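Please examine the sequence and the structure shown below before reading on.

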Amino acid sequence: MLRNIIRYFAFILFVISILNLSYGVVSINTCQVINESLLDGSRIVDLSSNINFNSDPSCLNIDVSNAILDCKGFSILGVSSMSGIYVGNVDNVTVRNCDLVNANFLAQTPTNSFFYNLNFTNTLN
């Protein structure tokens with residue numbers, strides 16, 4: 001019985017390791033649209049540095065379902081009421097660990113999505 005339990009957990013760990021290999025991480029350090037083309041099979045986008053923006057209406061535009069944006073504590077620095085992060089009408093999106101300075105966060109009716117550990121400084125949110 002114990003041997004079967006150990007085999008089961010070994011199999012689960014094997015499956016998890018395969019899933020982690022098939023979903024790589026895309027690192028970004030500029031404003032851009034996060035879509036299928038950028039992800040190229042990945043599902044996770046990490047910020048690798050602070051991003052300054054002052055011209056586009058939004059800095060990071062998430063336009064793909066089943067994606068994770070992890071800012072890793074880096075800041076998105078904008079001017080006045082621009083959108084630092086915009087989540088379009090997509091599903092299963094997670095946005096986490098972001099500092100938004102002079103930038104708003106907008107989400108257009110996403111379902112099954114999670115937004116946590118977002119810090120706002122000088123924003124209208």
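Is Cys-31 buried, partly exposed or exposed? Cys-31 is partly exposed, because its relative accessible area is 24%; buried means under 20% relative accessible area, exposed means over 50%, and partly exposed lies in between, with a 1.4 Å probe and protein chains only. The model is a predicted one, in which local features need pLDDT of at least 70 and side-chain atom pairs count only at pLDDT 80 or more, while totals for chains, interfaces and linings use all residues. Residues are numbered from 1 along each chain as its sequence is written, and side-chain values use heavy atoms, with hydrogens and water left out.

**Disulfides in the chain**

- A disulfide is a covalent bond between the sulfur atoms of two cysteines.
- Here a disulfide is counted when a pair of cysteine sulfur atoms lies within 2.5 Å, and by this rule there are two disulfides.
- When the bonded cysteines are counted along the chain, the disulfides follow the pattern 1-2, 3-4.

**The link of Cys-31 and Cys-59**

- Cys-31 and Cys-59 are joined by a disulfide with an S to S distance of 2.1 Å.
- This link of Cys-31 and Cys-59 is left-handed, with -90° about the S-S bond.
- The pair links distant parts of the chain, 28 residues apart: Cys-31 is in the loop between β1 (25–28) and β2 (32–34), and Cys-59 is in strand β5 (residues 58–62).
- Strands (E, at least two residues) and helices (H or I, at least four) are DSSP runs, numbered from the N terminus.
- Cys-59 is buried, because its relative accessible area is 2%.

**The link of Cys-71 and Cys-98**

- A disulfide also joins Cys-71 to Cys-98, with an S to S distance of 2.1 Å.
- The torsion about the S-S bond of Cys-71 and Cys-98 is about 75°, so this disulfide is right-handed.
- Because Cys-71 lies in the loop between β6 (67–70) and β7 (75–77) and Cys-98 in strand β9 (residues 93–101), the pair ties together parts that are 27 residues apart in sequence.
- Cys-71 counts as buried at 0% relative accessibility, and Cys-98 is buried with a relative accessible area of 0%.

**The surroundings of Cys-98**

- Leaving aside neighbours within four places in sequence, Cys-98 is in contact (heavy atoms within 4.5 Å) with Cys-71, Phe-74, Ile-85, Asn-117, Leu-118 and Asn-119.
- The C-alpha atoms of Cys-98 and Ser-75 are separated by 6.2 Å, although the two residues are 23 residues apart along the chain.
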